[in-house]
Amino acid sequence: MTAISPEMTLPRPRARHNPLAPLATLAARRFQLSVRTPRELVVPLLTPILFALVIAPALKQALHTSAAYEAFVATGTIGLLIPLNTMFAGLGVIVDRDGGAQRELLAAPIPRSLLVLGNLAVAFAITALQVAVLIAAAVARGIHFNATATGVVWFVAAAALFTVGMYGVGETLASRVPKAEEYIARLPAIAIVPWFLAGSLFPISALPGFLAWFAKFLPLTHGLALVRYGLLGDSSGLHNIWSMHSATTMATLSLAVVAFFAAALMVISIRAFNRAAVR
Amino acid sequence: MTPIHLNEEKPMQSRSESIPRVKQPAISVRQLRKTYPGGVDAVKSIDFEVAAGEVFGLLGPNGAGKSTTIGMLTTTIAPTSGSARVAGYDVASEPLAARSISSVVFQEPVVDRTLAGRRNLDIHARLWRTDPSVARSRVGELAETLGLAELLDRPVGSYSGGERRRLEIARALVSEPQVLFLDEPTVGLDPRIRHELLDVIGRLRDRSEITIMLTTHYLDEAERLCDRIAIIHAGKIVALDTPRALLAGLGHELVELRVNGDAATALSSLRTRGIAGDDAFTVGSTLTVPLHDRTAAHAISAIHDADLAASSISTRQPTLDDVYLQLTGARLADAA
């Protein structure tokens, strides 16, 4: 028979270890789950690679543009790769929820924001790898980049912050839609439509007046302008947004826009996750 | 199928981090209420306490509020009002502390199917910040105890339902919880695996260092495993006592008769003649009369004298189903 005592001693809360240890555990779990579904790694890469290596050279030849256009489109495809990959990563949240694993994670003695950050860490790492593959493939195809050390810093900062923001979009959407089918149905509108308007294939100055004005509010427009400024030394995208003379000032302003986007979407996504996860 | 043997000669490592700060019940619930959006009152102001080392059962049909109660105690469902404490920690204001000393085996599978069983256990141990060397030895011990040793390095997707359930129990135990929540632990399992798991849980209750709260709609589970049972119906606790005391409320024996006419009229007639008390009840055409201090022969004779058109009369010992039926007017098996 069980020995029942009417009272129990309060346990000492477990010793605080490295606060990042649970984050590392969550990220390692997500990474292991991701690598077991290789299509999640490969599929987002296919379309940007196709644009960078096949469509851009074809457009250059058909439209008799200069070699710089290939580089313009190759960098533009980064603006497609990041949203596609981060949105695919958001599907993991729905899989966790539908498969039941999320309940176990919610019962763990860790701040629930870490569940979002753990997923973000893996989405970020996989996106970085895919961007590196895209650039390496473009270079191998003979596309020329003109990046300085400072330029690389602008590029990395812009790509990193935009990745964080887009993952926040994916996580928020995953928390709000009940089914994977609904999530996937909304993916093109979020990941692909803005790409056509954000100066990926042509400068936003070529858009009709209202759309050009609208494009200036898209974080992707700022992100792509920064990527081109960093990798190609081309500040025309920034000028189309800000109409200033100082490239550094314009880059700083655009980076601030992307940073605000990243911070806001992270906060929103964590709140959306908490609201959806705890009934 | 590997048989399950709990190694009682090798008790699980005792908790060493307890300090005599404040003494508390293992679980304390006060006027706890949950109303879901849309106005569904799933739990309606319930109160109970669970002593340390006790096995406490919430017995009721699907939709009675059992899982919602477990959800609030494990902080995965936010209470609408009232309070709940696990090992003294308020689930609303100290959720991390409450979660750190408890584990839960959910009704639905929650394991990562593409990962190996060992990795699932490892993730749980790390998230609950169990010392790695303790976790390693504990995984080995639990694997032996629960008959998982041969399975641990296989992906969970290849496990049978019973094996996966045992893995989930092992996972909940790997962090050495002081309070273990089992939400319908045997639901959906075939009878053989179910009985094996009941053996496992039954042996867990022999350890005084762990408090277990389980929900079930199986009467035999509740009667076999629980020190005390709260019968929950439509979000309210309608009875709370030991199984023996709950059964004693209906006496040592009861008469069950199937009447050809209106059972309510027959019951009224028996009450008028002093054969049936207030605790007699009807379900359809079946009338159940607790005997208390009357003998079966005397009661049956009196029923014959009442000239009721009964197609069958039998006597039997009361069960928890009778208790539930008498309290709620519905059979637990039907309601579940």
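Predicted model: local features only at pLDDT ≥ 70, side-chain atom pairs only at ≥ 80, totals over all residues.
User: Why are strands S7 and S11 of chain B said to stand at the edges?

Analyst: The open sheet of 6 strands in chain B runs S7-S8-S9-S4-S10-S11, with mixed pairing. S7 (102–105) and S11 (236–241) of chain B each have a single partner strand, so each has one side without a neighbour in the sheet. From one strand to the next, the twist averages 15 degrees.

User: How do you know that S7(B) and S8(B) pair?

Analyst: Two strands pair if DSSP finds at least two bridges between them. S7(B) and strand S8 (residues 179–183) of chain B share 4 bridges, in the parallel sense, so the pair meets the criterion. In one of the bridges, Val105(B) has Leu182(B) as its partner.

User: Which strands of this sheet does helix H1 of chain B touch?

Analyst: Helix H1 (residues 66–73) of chain B packs on the sheet and touches S4 (55–59), S7, S8, S9 (211–216) and S10 (228–233) of chain B. The direction of H1(B) makes about 150 degrees with that of S9(B).

User: What makes S3 and S6 of chain B edge strands?

Analyst: S3 (40–50) and S6 (89–90) of chain B each pair on one side only. Their open sheet has 4 strands in the order S3-S2-S5-S6, with antiparallel pairing.

User: How many bridges join S2(B) and S3(B)?

Analyst: Strand S2 (residues 27–36) of chain B and S3(B) pair in the antiparallel sense over 7 bridges, and the criterion is at least two. Ser28(B) stands opposite Glu49(B) in S3(B).

User: What is the average pLDDT of chain B, and where is the pLDDT below 50?

Analyst: The average for chain B is 84, and 90% of the residues score at least 70. Residues 1–22 of chain B have a pLDDT below 50, while the stretch has 57 contacts in the model beyond near neighbours in sequence.

Terms used. Residues numbered from 1 in each chain as written. Chains lettered and ligands numbered in written order. Heavy atoms only, no water. Helix = DSSP H or I, 4+ residues; strand = E, 2+ residues; numbered from the N terminus. Axes fitted to C-alpha atoms, helices over the stretch in contact; angles between N-to-C directions. Contact = heavy atoms within 4.5 Å. pLDDT = per-residue confidence, 0-100.
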